[in-house]
Amino acid sequence: MQQWPEPVIHVQSLSESGDRAIPERFIKPPSERVTAHQGPEKTMSIPIIDIGGIANGNKFDEETMRALSNACKEWGFFQLVNHGMNKEIIEKAKEVWREFFHLPMIEKQAFANSPVTYEGYGSRVGVEKNASLDWSDYFFLNIFPKNLRNYEKWPSFPNSLRETTKNYTKEVVKLCMMLMEMLSLGLGLDKEYFREAFGGDEYGACLRACFYPKCPQPELTLGLSSHSDPGGLTVLLSDDHVTGLQVRKDGEWVTVKPVPGALIINIGDQIQVMSNDIYKSAEHRVQVNSEKERLSIALFFNPKGDIPIGPAKQLLSAHKPALFQHNITFNEYRQFIRKRGPTGKYQLESLKTM
């Protein structure tokens, strides 16, 4: 599809219009709303993992490895502290992308995206006509492989956005490489297993800066509907002051309370497949509120698009057969998400073998 099935409604324009009611297209079914079946505030929180020693060049220690492995098995989400990334680059990334979203609409519209590549400024995920919409705007960019990087799609204002984004993504990818080694070792595999399975130096990476404007009726909608990420690893730079991300744990939704300076990491569907269901990709969603806007920046670290993905053979035996098909590439898998939009873990479950 070359164009969106209906005219794109930018949520920020709706938020700034002063209307007290959101359009019907953004209203979620009662069962999907944040208030649905909501009991007392949950005291659970996603694991916090300190990798200060490793980030400073020390060897992987057993305690850290065990904490990481348990987080991937039990939650699929964790907060990473003392990760070694430059704090100035992190803060600058948030600053320039917030500044971009506050540009006049006509300037942002110059970068409007389409379903062909999704690159650029947009407001919807999925191309099904009359689909339910989420209360967010975003900017999507291909980062790696370099041949997919199109600087014509990168905003030229704020002036430092391009350079800041390059510096930020370079550091995040370096962190992902280290995490991939730790995840491989946590499964008893060679530390290079995931890197090689992702295509070696031909891995993929893309960035999605998300802006969640104030919403006059936050109880009726979501900033991002329930889903699990289709790729390998997601590194989320979250708003330190405004909560919104919720993770499903044991059938309950747990609100993530960001630790200042931390990065939020989650496992994607491809690693759940490769680990043969040992590591879990967690279902998550984003809520919005009426008083504060929220910004987050997600980097998705993915396998090379044309490599068929399946469980690691070293993890299989007569007692532990493959739980997923081996014959689908990441590009094919991602097309489902781009067609249907967020659908919980439906796509991943459809890959399971009988």
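## Terms and model

Buried here means under 20% relative accessible area, exposed means over 50%, and partly exposed lies in between, with a 1.4 Å probe and protein chains only.

The model is predicted: local features need pLDDT of at least 70, side-chain atom pairs count only at pLDDT 80 or more, and totals for chains, interfaces and linings use all residues. Residues are numbered from 1 along each chain as its sequence is written, and side-chain values use heavy atoms, with hydrogens and water left out.

## Overall build

Let's start with the whole protein. It has ten helices and 14 strands; these are DSSP runs numbered from the N terminus, helices being H or I with at least four residues and strands E with at least two. The C-alpha atoms fill a box of roughly 60 × 45 × 45 Å along the principal axes. For 354 residues, a compact globule would have a radius of gyration near 20 Å, and the protein agrees at 20 Å (taken over C-alpha atoms; the globule rule is 2.2 Å times the number of residues to the power 0.38).

Buried residues make up 55% of the 354. Of the contacts (heavy atoms within 4.5 Å) with a separation of 6 or more, 79% link residues 24 or more positions apart.

## An open antiparallel sheet

Four strands line up as S6-S11-S8-S9 in an open sheet with antiparallel pairing; two strands pair if DSSP finds at least two bridges between them. At the edges are S6 (224-227) and S9 (252-255), each pairing on one side only.

Two bridges join S6 to S11 (residues 284-286), and His227 stands opposite His284 in S11.

Helix H6 itself covers residues 161-186; at 1.5 Å a residue its 26 residues should span 38 Å, and the end C-alpha atoms agree at 37 Å apart. The expected span is 1.5 Å times one less than the number of residues. Just after H6, Gly188 takes a positive phi of about 80 degrees.

## Positive phi without glycine

Which phi does Tyr118 have? Though not a glycine, Tyr118 shows a positive value of about 70 degrees, in the loop between H5 (105-109) and S3 (120-122).

Asn276 also has a positive phi, near 55 degrees. Its place is the loop between H8 (269-274) and S11, and Asn276 counts as buried at 8% relative accessibility.
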